Amino acid sequence: MKALIVGEYRNGETLECTYELIAFAKKLGAETAMFMVGGQDDPPKYDGKLYMADSAKYGEVNPDVHTKLLLDVAHQENPDYVILSHSSYGWDLAPRISFDLKAGQVSEVVDIDDGSFVLPAFNGKLHRKVTSKTGITVVTVQSGSLNMTEQPSGTPEMTLVGGEDIETGMEFTGYEEVESAGADLTKADVIVSAGRGIGKQDNISVIQELADAIGGELAATRPVVDAGWTDHSRQVGTSGQTVSPKLYVACGISGAIQHLAGMKKSEFIVAINTDIDAPIGEVADVFVVADIKQFAPALSAKLKRA
Amino acid sequence: MEILVCVKQVPDMESKFNIDTSGTWYDETDLAYRMNEYDEFAVEQAVLVKEKLRGDTSVADTSVTVLSIGPERVKDVIKKALSMGCDRGVHIKDEQYQARDPMENASIIASFAKDKGFDLIFTGLQSQDRGSAQTGIIVARVLEMRCVTTVVGFELENDVITAKRELDGGLKAGFRTRTPAVITCQMGLNKPRYPTLPNIIKAKKKELTTIEADTMATAERMVETDALFHPEKKGAGLVLEGEINDQADKLISILREKTGVIK
Ligand SMILES: Cc1cc2nc3c(=O)[nH]c(=O)nc-3n(C[C@H](O)[C@H](O)[C@H](O)COP(=O)(O)OP(=O)(O)OC[C@H]3O[C@@H](n4cnc5c(N)ncnc54)[C@H](O)[C@@H]3O)c2cc1C
Ligand SMILES: Nc1ncnc2c1ncn2[C@@H]1O[C@H](COP(=O)(O)O)[C@@H](O)[C@H]1O
């Protein structure tokens, strides 16, 4: 069994998820080769065959161009699996190549079960076990779902690929960095975080009051930030900040994987939610089944009295 | 200009899910359904493009078609999209919806869209029930259209698209491309409007066609669902139920005992 791993490279560096993919392929029990559009002077730590295309020539994120380069390598290697990260890079590239390879694609894999793959469904409330029926299968792997124990090591046997110009109908016009001004949640000991379950913008004040009563910082989920209920500098998650306070209070937050990634390292987690099946329960030390609109003021009042 | 928006109907994620006897689907009895969250941004963007072009006499009238594949009940999300400003609805009636993989759905969408000359196709980044993030991209591959995914910023000037694509950690990448293109929409791209009562009434008069999925060319199924199940609860934290004041008292004493943050 053979797997072709697709490494990731951004802002001149190999991304950590590349190493997770190596661990994943090992768990599958596959021999591996790797493809990457990156920097040849600075290849990933890897013992195996590496097909390297130059990111200086082909760009770090141009889908049309990377699709063509990857397809060429896939045709040459003829793997059973092509493995990408379920990242913005991977979920963009995977269907482009699965279509051409006539391969079934399984997305957001969190576990392997006897040749089948386990994927989250229904915002993570359920899991789905699937089997691909095609000769080649394209897999995207959810970052953080495997416990990586080994430190990456090794020196690849590198083959440079590409060279010719590749036509693209999409012109990359540059990166836009994240605005960093505003709240720095990474230093807070206590974070009280508002999710969509708070119902409406006015209720932010109820959560802020609770934050004040415990002596913590206000944070929020992405939909709360996108709706303009609070600013982006307070967003926790993969597209916000990663925090690890002593106490994290999740108010009306479902616990989507992208939110969990930003807060699951908190020392103590309290969730307040009306739905006892909400996935936040997977990381919560205490799960209070209650309506946050009533519970937060009650808790604030008691804390202030104490 | 011709625009297509693809919307999926999904169960309300706050529902209590019970697995049905097939073991691969859930019991649909009494569940509430809604529009896939990401697709609301797709509908809004299509309508915004149409509204912007309305005053522009150099382009022929813009028309927005909204399409959904699924059983009879998915007409509700088509109607919602119509009341948000889409012009006509297409229901692709499909009784195999529980088993379809993204390649099949994409091939159905593509066989509808082929030869209709759509300049823009908007889809959601992903469906909340499946989360595969594949369908829009495959549609683009089949129809040989350009495709920008995970879009959080979109401008159209004649046939030139300026799009912002979200990468990880909040980093964004700018792209310039041209129509015809497929755009997959990420949360935060815009602020989806709420249908107003007059628009809901107006929507009732809009065209809504039904096509049977069986009559359309469809790709073969490549990925099969073996089982749908509740994940094991790993955390096994303490659950506090009951009266609010009791819950609050208990929580405070736990926090005193287990964390150093409350005196
Ligand atoms: C690429 C990408 C990046 C993302 N980045 C982030 C990110 O950085 N951060 C982030 O947070 N999300 C991110 N998301 C979005 C994420 O997938 C979820 O959509 C989001 O986290 C859900 O936010 P929520 O929990 O507030 O809302 P919902 O999922 O709508 O959950 C609301 C919860 O409130 C509960 N509730 C309802 N009413 C009440 C009540 N009265 N009292 C108590 N509880 C109640 C419900 O049971 C439910 O569990 C990202 C998504 C993608 C695709
Ligand atoms: N049954 C469907 N009917 C219409 N559009 C769909 C359907 N399934 C998926 N889509 C579209 O494809 C997007 C991505 O879905 P998915 O590939 O399932 O994550 C969704 O946000 C919709 O825009």
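Welcome to a predicted model, in which local features need pLDDT of at least 70, side-chain atom pairs count only at pLDDT 80 or more, and totals for chains, interfaces and linings use all residues. Residues are numbered from 1 along each chain as its sequence is written, chains are lettered from A and ligands numbered from 1 in the order in which they are written, and side-chain values use heavy atoms, with hydrogens and water left out.

**Chain A as a whole**

- Chain A has 8 helices and 18 strands; these are DSSP runs numbered from the N terminus, with helices being H or I of at least four residues and strands being E of at least two.
- Along the principal axes, the C-alpha atoms of chain A fill a box of roughly 70 × 40 × 35 Å.
- Of its 306 residues, 58% count as buried, where buried means under 20% relative accessible area, exposed over 50%, and partly exposed in between, using a 1.4 Å probe and protein chains only.
- Among the contacts in chain A with a separation of 6 or more, 62% are between residues 24 or more positions apart; a contact means heavy atoms within 4.5 Å.
- Chain A exposes about 12,100 Å², and carbon and sulfur atoms supply 45% of that; accessible areas come from the Shrake-Rupley method with a 1.4 Å probe, and for residues only the protein chains shown count as cover.

**The site of ligand 1**

- The site is shared between chains, because residues from chains A and B surround ligand 1.
- There are 34 residues around ligand 1, and Arg196(A), Thr221(A), Ser239(A), Ser254(A) and Gln258(A) come nearest; a residue is near a molecule or strand if one of its heavy atoms lies within 4 Å of it.
- By class, this shell holds 11 nonpolar, 16 polar and 7 charged residues; Ala, Val, Leu, Ile, Met, Phe, Trp, Tyr, Cys and Pro count as nonpolar, Asp, Glu, Lys and Arg as charged, and the others, Gly among them, as polar.
- The side chain of Ser239(A) places an N or O atom 2.7 Å from a nitrogen atom of ligand 1.
- For Asp291(A), a side-chain N or O atom is 2.9 Å from a nitrogen atom of ligand 1.
- On its own, ligand 1 has 990 Å² of accessible area, and the protein covers 92% of it.
- Helix 6 (222–226), helix 7 (257–263) and helix 8 (292–305) of chain A are the elements that give two or more residues to the shell around ligand 1.

**The site of ligand 2**

- Of the 16 residues around ligand 2, the nearest are Cys6(B), Asp39(B), Ser127(B), Ala133(B) and Thr135(B).
- Ser127(B) has a polar side-chain atom 2.6 Å from an oxygen atom of ligand 2.
- Taken alone, ligand 2 exposes 480 Å², of which the protein buries 98%.

**Nonpolar cores**

- The largest nonpolar core has 51 residues, and Phe24(A), Ile83(A), Phe117(A), Leu4(B), Ile92(B) and Ile121(B) touch the most other members; such a core is a set of buried Ala, Val, Leu, Ile, Met, Phe, Trp, Tyr and Cys residues joined through side-chain atoms within 4.5 Å.
- Another core, of 45 residues, lies apart from it and includes Trp91(A), Val5(B), Met35(B) and Leu53(B).

**Thr225(B)**

- Thr225(B) sits in strand 12 (residues 223–229) of chain B and is buried, with a relative accessible area of 17%.
- The side chains of Thr225(B) and Arg128(A) are joined by a polar contact of 2.9 Å; a polar contact is a pair of N or O atoms within 3.5 Å, and within protein one must be able to donate a hydrogen and the other to accept it, with residues adjacent in sequence counting only if both atoms are side-chain atoms.
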